[in-house]
Amino acid sequence: MIFLLADLPCALSALLMGFFSRFEDNLWALRAMLLVTAAFMGIVIVSTLAFEAHLFSGVVWQYMVSFGTYGAFTVISSGGLWDRLVAASGSSGTCTFLVYTADLTGCVGTITLLCIQIFGKSAIGSNIQSDEAVLSFFVRSVYVLGGAIICLLAASCWYFSAKLAWNAAVAPG
């Protein structure tokens, strides 16, 4: 049963990708993808709040964090978001550069976390190995990074909606 629950995000992500393919308007599909990604990050933040309020056990919280993170990751990394962005912009070309840039950002984030773990003991606490220090660092990271991601996704949605709608309105033809 636990493996079924662990694979549920994969199934949901596949269904979402199918749902996004139903959009004929690229700008609306782009908006939907950005908003769904923000919703997945909201799941991570809300489940962390519930864990801190002792409403979720550690196992349920870990599952919800992985569910939200994987869901957001799938929408962003699938390439569909970048395809829709290029298509909505009306420019000729492919989304290859955007995909590589997104992958690079993930690598930089991973290396940064490893460097913090290795060299940033004073930022986390004097004893990086204590469970409480690691948990506290992770929870703070969820709030700060999750909040920043949601704000950036909302700003992206607003920017692309305004910019691409304006481009479509003034496009010749």
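User: Is Cys95 buried or exposed?
Analyst: In this predicted model, Cys95 has a relative accessible area of 12%. The cut-off for buried is under 20%, so Cys95 counts as buried.

User: And Cys107, buried or partly exposed?
Analyst: Cys107 is partly exposed, because its relative accessibility is 45%, and that class lies between 20% and 50%.

User: How many disulfides are there?
Analyst: Zero in the structure.

User: OK, the fold then. How many helices and strands?
Analyst: The protein chain has seven helices and zero strands. Read from the N terminus, the order is α-α-α-α-α-α-α.

User: What share of the residues is buried?
Analyst: Of the 173 residues in the protein chain, 29% are buried. The chain exposes about 11000 Å², and 72% of that area comes from carbon and sulfur atoms.

User: Give me an example from helix 1. Where does Leu16 sit?
Analyst: Leu16 is in helix 1, which covers residues 2-20. Leu16 counts as buried, because its relative accessibility is 15%.

User: Which residues does Leu16 touch?
Analyst: Leaving out residues up to four places away in sequence, Leu16 touches Val36 and Phe40.

User: Those two are four places apart. Why would residues with that spacing point the same way in an α-helix?
Analyst: An α-helix has 3.6 residues a turn, so residues three or four places apart point the same way.

User: How far is Leu16 from Gly71?
Analyst: The C-alpha to C-alpha distance between Leu16 and Gly71 is 9.1 Å, and the two are 55 residues apart in sequence.

User: What is the lining like by class?
Analyst: The lining of the largest pocket has 27 nonpolar residues, 14 polar and one charged.

User: Back to helix 4. Which of its residues are buried?
Analyst: Leu81, Trp82, Arg84, Leu85, Val86 and Ala88 are the buried residues of helix 4.

User: Which residue has a positive phi although it is not a glycine?
Analyst: His54, with a phi of about 65°. Most residues other than glycine have a negative phi.

User: Where is His54, and is it buried or exposed?
Analyst: His54 lies in the loop that joins helix 2 and helix 3. His54 counts as exposed, because its relative accessibility is 71% and the cut-off for exposed is over 50%.

Key:
Residues are numbered from 1 along each chain as its sequence is written. This is a predicted model: local features need pLDDT of at least 70, side-chain atom pairs count only at pLDDT 80 or more; totals for chains, interfaces and linings use all residues. Side-chain values use heavy atoms; hydrogens and water are left out. Ala, Val, Leu, Ile, Met, Phe, Trp, Tyr, Cys and Pro count as nonpolar, Asp, Glu, Lys and Arg as charged, and the others, Gly among them, as polar. Helices (H or I, at least four residues) and strands (E, at least two) are DSSP runs, numbered from the N terminus. Buried means under 20% relative accessible area, exposed over 50%, partly exposed in between (1.4 Å probe, protein chains only). Accessible areas come from the Shrake-Rupley method with a 1.4 Å probe; for residues, only the protein chains shown count as cover. A disulfide is a pair of cysteine sulfur atoms within 2.5 Å. Contact means heavy atoms within 4.5 Å.
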